[in-house]
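Here are some notes on the model you sent over.

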Amino acid sequence: MLKKLLKYMKGYEKAVLIGPALLVIEIVCELILPLLMADIIDVGIEGGAGLAYILRKGAVMVVLAGVAMFGGVAAVKYTAAASMGFGANLRRAMFDKVQEFSFADIDRFSSASLVTRMSNDINVLQMMISFALRMLVRAPIMMVAALVVCVTINARLAIVLFIVIPLMALAIGFLMRLCHRLFTIMQEKIDFLNASVQENLIAVRVVKSFVRQKFEKSKFKRSNDDLTQAALTAGTRVILMQPIMMVSLYGAIVAVLWLGGNQVVSGGMEVGQLTSFITYISQILMSVLMVAMSLLQLTRAQACARRILQVLETVPDIRDGENVTENRLPESRGQVEFRDVSFRYQASGTGDDVLAHIDLTIPAGQFVAVVGGTGVGKSSLVNLIPRFYDVTGGAVLVDGMDVRDYPVAELRQRIGMVLQNNVLFSGTIRENLLWGRPEATEEELVQAAKNAQAYDFIMSFPDGFDTHLEQGGVNVSGGQKQRLCIARAMLRAPSILILDDSTSAVDTATEAQIRASFKENLAGTTVIIIAQRVSSVEHCDQIVVLDDDHIAGVGTHRQLLAENRIYQEIYRSQQEGVAE
């Protein structure tokens, strides 16, 4: 898994090479220092070489310590640059991948989990890369080199290390197997926590209006406690590493002091050699400890890497098919046809069709309404036209071509859509409207605002089109937000315009003006509107009545009022409401 992610180190290859090279310089200096200290003890002090010899060796030690410090600091700088660059590349790749996802792909992962993977999981990998470039380079080299020096100094005494190191390796392997599953669980708990926070912040107005803060606090507490428990469970296993390593370290030192001390007494070993041997033992066993901590970090990183690769290796449900004919696309006119269309949401797991065997033709340039009760599939029907979801049976055609044979970008370029949930982005009103067509002129921008009946309220703001909108457009009303979204779609001048219950927050007079502007300014555009009010649809060229998963009627307002029972009930219920 980690090998698959190494390609995201591109651009930082030099840092990856320079950092470890500087560490090697640091290691060499640190390996020489104990030998110089042994010379000072055995030759300078016990051998009587004198103060000049001690000062000369001491000066060399100071220089080596300075070089080691420079190498260590510079290595940290380069390894940090490499790990941060890796994280930036990986985040960018994940974000780009998510932009290709269909609605079904996002539903499968959940937005909270994607946020966790793009932030927390990548941060874990960043730390692992930084740790690995330093510790997994430094520790093995230090361990092997120090072990060789120990064997050179006293091979019999080095046997202690060949007993202790395998025992430590077995303990490390056991802990890694134990912790891998726990780290995976911990990352999933972070997903749940993020989901709880995200849901609360998005619905904060609903929470406050229903005075449900106490309930939300208890829900967050459950997620937070679950994460805490998962982290503690993993943490208590990890901290077992420290006592195991310390017992091994001090046990080895005691054994060396006992055996080496006897050799010093019998004249088989110098005091300075024993001192340097103990220093090297500390270096070796601390290197083993660093390797162990690095491997545990690697275990958690593996869990995160698996989650990240699940995103990067996902083949989007919606993508350009093999039959895409970019050079032979039909003229953009706006005709829509549903041929025996069936559809179900794969993520629901129920297996029930939301739409079943839908046959419908919408000629280019018509004004068509889709009506029906709640949950009968109105939004699902129109979401199939721009391929937000793919049909599970039959075909949807735009201008005579199956939408699956279009390049996705080209298909959606022909369609303007105002979704049921009106979305505005942080930025100015101008920036939000230009989402429809970035190259639009000022005159076209103003005209689109006028057509959507948004111009007057825009100009009532001191900054006009340069008025700043907060995230989600929370500083404008619901009706203003809907009109801005309609203006954004109209600015695109699409051949098909879909409005999913997007005038519900405006009054009937304003809605009538918006409809009139459609007739006047989008004369050649096919307009498909989902609406609940009969007054919104009675002037349409044709009205499609959905009931459960099928079409229950198609016709004009007068025809349906005379012949269709469901439409009659909708009309009667609204007339009774008006009468009351």
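1. The side chain of Arg 488 has a polar atom 2.9 Å from the backbone oxygen of Val 423. This is a predicted model, and the distance is computed from its atoms. Arg 488 belongs to helix 16, which covers residues 478-491. Arg 488 is buried but takes part in no salt bridge. Glu 431 is the nearest side chain of opposite charge, and it is 11 Å away. A salt bridge would need a side-chain nitrogen within 4 Å of a carboxyl oxygen.

2. What does Arg 488 touch, leaving aside neighbours within four places in sequence? Its contacts are Val 423, Leu 424, Phe 425, Asn 432, Leu 433, Trp 435 and Gly 436.

3. The structure holds 18 salt bridges. One of them pairs Asp 466 with Arg 430, with 3.2 Å between the closest N and O atoms. Asp 466 sits in the loop between helix 15 (455-460) and strand 8 (468-469), and Arg 430 in helix 13 (residues 429-433), so this pair ties together parts that are 36 residues apart in sequence. Both partners count as partly exposed: Asp 466 has a relative accessibility of 43%, and Arg 430 has 21%.

4. Two further salt bridges join residues close in numbering. Asp 390 and Arg 387 meet through their side chains at 2.8 Å, N to O. Arg 387 is buried, because its relative accessibility is 3%, whereas Asp 390 is partly exposed at 22%. Arg 414 pairs with Glu 410, the closest N and O atoms being 3.0 Å apart. Here Arg 414 is buried at 7% relative accessibility, and Glu 410 is partly exposed at 29%.

5. Salt bridges also link Asp 105, Arg 108 and Asp 317 in a network.

6. Is His 557 buried or exposed? His 557 is buried, because its relative accessible area is 12% and the cut-off for buried is under 20%. His 557 lies in helix 19 (residues 557-563). Its side chain makes a polar contact of 2.7 Å with the side chain of Tyr 567. Not counting residues up to four places away in sequence, His 557 touches Val 534, Glu 538, Ile 543, Tyr 567 and Tyr 571.

7. Helix 14 (residues 442-451) has buried residues at Leu 445, Val 446, Ala 448, Ala 449 and Asn 451. An α-helix has 3.6 residues a turn, so residues three or four places apart point the same way. The buried residues of helix 14 pack against helix 13, helix 15, helix 16 and helix 17 (508-521). Just after helix 14, Gln 453 takes a positive phi of about 60 degrees.

8. His 357 has a phi of about 55 degrees and is found in strand 2 (residues 355-362). Its relative accessible area is 55%, so His 357 is exposed. Ala 493 has a phi of about 50 degrees and lies in the loop between helix 16 and strand 9 (496-500). Ala 493 is exposed too, with a relative accessible area of 53%.

9. Which residues make up the nonpolar surface patch of about 270 Å²? They are Val 24, Val 28, Ile 32 and Ile 141. Helix 2 (residues 13-45) supplies the largest share of this patch, three residues. Val 24 lies in helix 2 and counts as partly exposed, at 34% relative accessibility.

10. Phe 174 is a nonpolar side chain at the surface: its relative accessible area is 55%, so it counts as exposed. Phe 174 is found in helix 6 (residues 155-202). The C-alpha atoms of Phe 174 and Leu 133 are separated by 24 Å, and the two residues are 41 residues apart along the chain.

Terms used
Residues numbered from 1 in each chain as written. Predicted model: local features only at pLDDT ≥ 70, side-chain atom pairs only at ≥ 80, totals over all residues. Heavy atoms only, no water. Helix = DSSP H or I, 4+ residues; strand = E, 2+ residues; numbered from the N terminus. Buried < 20%, exposed > 50% of the residue type's maximum accessible area, 1.4 Å probe, protein only. Patch = residues over 30% accessible without salt bridge, like charges linked within 9 Å, V, L, I, M, F, W, Y side chains within 5 Å. Areas by Shrake-Rupley, 256 points an atom, 1.4 Å probe, with all protein chains shown as cover. Lys, Arg positive; Asp, Glu negative; His and termini not counted. Polar contact = N/O pair within 3.5 Å; in protein donor to acceptor, adjacent residues only side chain to side chain. Contact = heavy atoms within 4.5 Å.
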